[in-house]
Amino acid sequence: MKIIDKMNASIKEGKPFFSFEFFPPRTEEGVENLFDRQDRMASYGPTFCDITWGAGGSTADLTLDIAAKMQNMVCVETMMHLTCTNMPEEKLRDALDKLKGYGIQNVLALRGDPPKGQESFTVVEGGFACALDLVKYIRAHYGDTFGICVAGYPEAHPDVIVDDPERMKENYWKDVHYLKEKIDAGADLVITQLFYDVERYFQFVKDCRSVGITAPIIPGVMPIMTYGGFKRMTGFCKTSVPPRIAADLEAIKDNEEAVKAYGIELGTKTCRALLDAGVPGLHLYTLNLEASALAILENLGLVNKAQRPRPLPWRKAPSHKRLAEEVRPIHWSNRPKAYLTRTADWDSFPAGRWGNARSPAYGTLSDYQFMRRHSGSEKRREKARAAWGASLNSVADVVNVFVKYTSGEINVLPWSEMDSLQHETGKIQERLVALNRSDLLTINSQPAVNGAPSSDPHVGWGAGNGYVYQKAYVEFFCSPASFRALEARLACVPSITYMAVNAAGQSATNVPAGAVNAVTWGVFPAREVIQPTVVDPQSFLVWKDEAFALWTEEWGSLYAPGSRSRAVIEDIAGSWYLVSVVDNDYVRGDLFSVLEAPAAAAAPSANGNGASANGSHAIAEPERLAA
Ligand SMILES: Cc1cc2nc3c(=O)[nH]c(=O)nc-3n(C[C@H](O)[C@H](O)[C@H](O)COP(=O)(O)OP(=O)(O)OC[C@H]3O[C@@H](n4cnc5c(N)ncnc54)[C@H](O)[C@@H]3O)c2cc1C
Ligand SMILES: NC(=O)c1ccc[n+]([C@@H]2O[C@H](COP(=O)([O-])OP(=O)(O)OC[C@H]3O[C@@H](n4cnc5c(N)ncnc54)[C@H](O)[C@@H]3O)[C@@H](O)[C@H]2O)c1
Ligand SMILES: C[S@@+](CC[C@H](N)C(=O)[O-])C[C@H]1O[C@@H](n2cnc3c(N)ncnc32)[C@H](O)[C@@H]1O
């Protein structure tokens, strides 16, 4: 969606909006960390996030790549900065074509600064001397495809700031008129350069309105995080600093924590003054850091750490193609990026009912980009080794890792892209720890919920004044012996349905072929029931290859080939079962007590192919879709 349309919707609702700016990190590790940070920050519901374009196109490929992932993996409406100096037309066209292909509809059109080390920029053959040229170009060649934002300078652009008050006044008004030209050429939104004198911003908006600029002028706010950074930035942007702020900072400049706290306090005061004056939203220069920006928004009551907006239990990608998507299988709940990657080529997405979009249409496992989340860079490998053990002697060491994860002692596990367990898990955390202690190694779960308000801070989602429901769910790995014992117990509880499969594909289930089970649903005023999460036998068979591969690709690969540690992992991956269990009685069921019962309770011998004597059968192979 275009940002201007989202903003107008917020304005109509009378709800102030906010957005976050990021820049491309300089190291691979930094890029990985940026996605994690964006993931967390996106959960607070920014209207959009933007990514800068290195001066003179110096980060072009990386910026494009990050923008694509922000839009389609982090699932946040994305705006990419694009500068036009030092950029031949074909490079600009290539960038804009790529954006279109990624489903990104928003560009911040800029002239740009000269690349580092150069005094001035080069006007390339064919034009592009200023942002106005780029705005015209985008509108001429791409029509309405993009929403276009441009930069505005409350104190005038630093290039034209001079000491002579008369000439300064003239330059300032030239800048204001020039901004009007950018809007007249087709830009629909302005974001301002940072400022610390709020009155300057108000005057600028007034002046812009006086020349007929009607587009929203969103204040760009940079929280002060370090004294050095503040001095540098206000120096080269020629930002005026009110004497009171300069004096306050001077007094605490050697105390990093005090500067940060002051930055939050000042940022809060500034933003409050802006909102009180009727500014519709705030744009935050985050400098790729989350604490100060979030603290300011929390002080303003615009975000609430305990209650983040959740239109659905999973975050929907804002791209056109996926707009109809309303249902996902639960198996990838903790690996949404892997799910998005594996379904990136789907033309249609399940909506309402779990439709026809099924395996084997899932993308293959060959894209290991998101597989290598914990074992990609050396730093991540070190972090993973620290959490999962520098070496493993036996299954007991592996069990211990799962116990630590579910009790919150460590926060990484191969089967999760998230940094921690979700709120809802708190309700069943002790039970999960107990399951793991008894060698059922859990990787996914949800508690039963029988009509919690949709505003519930832990399990709520969807529109207001609704009710949400969930069937208890647990997914885990267990040894063949444990599975045999368990299967007998599960068979005694009519409300339970389960599926189990090992890496070789031997399977057992009591679910009728093709039966899809809605395990999460919500009831809202004046709407059909929404059922966003399902257990689907065919998707489960696709997921199992990924789930087993994660043992070896993410965990086993941390250890030397032939080592004892690797053998422990490979043995588990090669022989254990992946089991998915639903208690369909979300009113009175007690799934955990069934699972926790002592293994010796009842264990009829099972035959070698996983099917047991109690009437279960193999999971039907995925339907082949017509090519
Ligand atoms: C929100 C924001 C984000 C930014 N992001 C980036 C980024 O990602 N990458 C990056 O390299 N830089 C970025 N910049 C910096 C920006 O590129 C520089 O400030 C650059 O020097 C000017 O770009 P501009 O688009 O504002 O320029 P322009 O709008 O082209 O204006 C530059 C100056 O030239 C004057 N001017 C230009 N053409 C005319 C004309 N035809 N008639 C009269 N006056 C004219 C303007 O009045 C102004 O003083 C950003 C700036 C802002 C405010
Ligand atoms: N508001 C701005 O004017 C602005 C914003 C972003 C980037 N830029 C410029 O874009 C170019 C590339 O930037 P980058 O993000 O790749 O790396 P960078 O290391 O130059 O900047 C990192 C971050 O610092 C902030 N920043 C940098 N220069 C700024 C400026 N003049 N005003 C306000 N904030 C600024 C931005 O948040 C930026 O993303 C640089 O020339 C930078 O100065 C300007
Ligand atoms: C996204 S949710 C489940 C689906 C969600 N309730 C829905 O309706 O779509 C996945 C849950 O698995 C939990 N989880 C993550 N890792 C786990 C693990 N190793 N064992 C058990 N639960 C885990 C998370 O905390 C999270 O609550």
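The domain assignment divides the chain into domain 1 (3-299) and domain 2 (370-595), with bounds that come from an automatic or database domain assignment. The model is a predicted one, in which local features need pLDDT of at least 70 and side-chain atom pairs count only at pLDDT 80 or more, while totals for chains, interfaces and linings use all residues. Residues are numbered from 1 along each chain as its sequence is written, chains are lettered from A and ligands numbered from 1 in the order in which they are written, and side-chain values use heavy atoms, with hydrogens and water left out.

The relation between the two domains comes next. Taken over C-alpha atoms, the centres of domain 1 and domain 2 are separated by 41 Å. Where the domains meet, 7 residues of domain 1 are in contact with 6 residues of domain 2, contact meaning heavy atoms within 4.5 Å. The area buried between them is about 620 Å², and carbon and sulfur atoms give 41% of it; buried area here is the accessible area (1.4 Å probe) that two parts lose on being put together, summed over both. On the side of domain 1, E29, E32 and D36 lose the most area to domain 2, together 61% of what that side buries.

The polar links across this interface can be listed in turn. Between domain 1 and domain 2 the count is 3 salt bridges, each defined as a side-chain nitrogen of Lys or Arg within 4 Å of a carboxyl oxygen of Asp or Glu. The rule also finds 6 residue pairs in polar contact across the interface, both residues being at pLDDT 80 or more. A polar contact is a pair of N or O atoms within 3.5 Å; within protein, one must be able to donate a hydrogen and the other to accept it, and residues adjacent in sequence count only if both atoms are side-chain atoms. The elements that give two or more residues to the side of domain 1 that touches domain 2 are α2 (28-42) and α3 (60-74), and α2 gives the most, with 5 residues. Helices (H or I, at least four residues) and strands (E, at least two) are DSSP runs, numbered from the N terminus. By class, that side of domain 1 has 1 nonpolar, 1 polar and 5 charged residues; Ala, Val, Leu, Ile, Met, Phe, Trp, Tyr, Cys and Pro count as nonpolar, Asp, Glu, Lys and Arg as charged, and the others, Gly among them, as polar.

Side chains of opposite charge can pair when their charged atoms come close. A search of the whole structure finds 29 salt bridges. In one of them E32 pairs with R380, the closest N and O atoms being 2.8 Å apart. This pair links distant parts of the chain, with E32 in helix α2 and R380 in helix α13 (residues 378-388), 348 residues apart.

The ligands may now be taken in order. Around ligand 1 there are 22 residues, the closest being W53, D113, Y153, D175 and K182; a residue is near a molecule or strand if one of its heavy atoms lies within 4 Å of it. An N or O atom in the side chain of H81 is 2.9 Å from an oxygen atom of ligand 1, and a polar side-chain atom of H157 lies 2.8 Å from an oxygen atom of this ligand. The backbone also takes part, a polar backbone atom of R111 being 2.7 Å from an oxygen atom of ligand 1.

Ligand 2 is surrounded by 18 residues, of which E21, F23, R26, T52 and Q193 are the closest. The side chain of E21 has an N or O atom 2.7 Å from an oxygen atom of ligand 2, and a polar side-chain atom of R26 lies 2.7 Å from an oxygen atom of the ligand.

Ligand 3 has 20 residues around it, and Q422, T425, Q446, T520 and T533 come nearest. A nitrogen atom of ligand 3 is 2.7 Å from an N or O atom in the side chain of S445, and for Q470 the corresponding distance to a nitrogen atom of the ligand is 3.1 Å.
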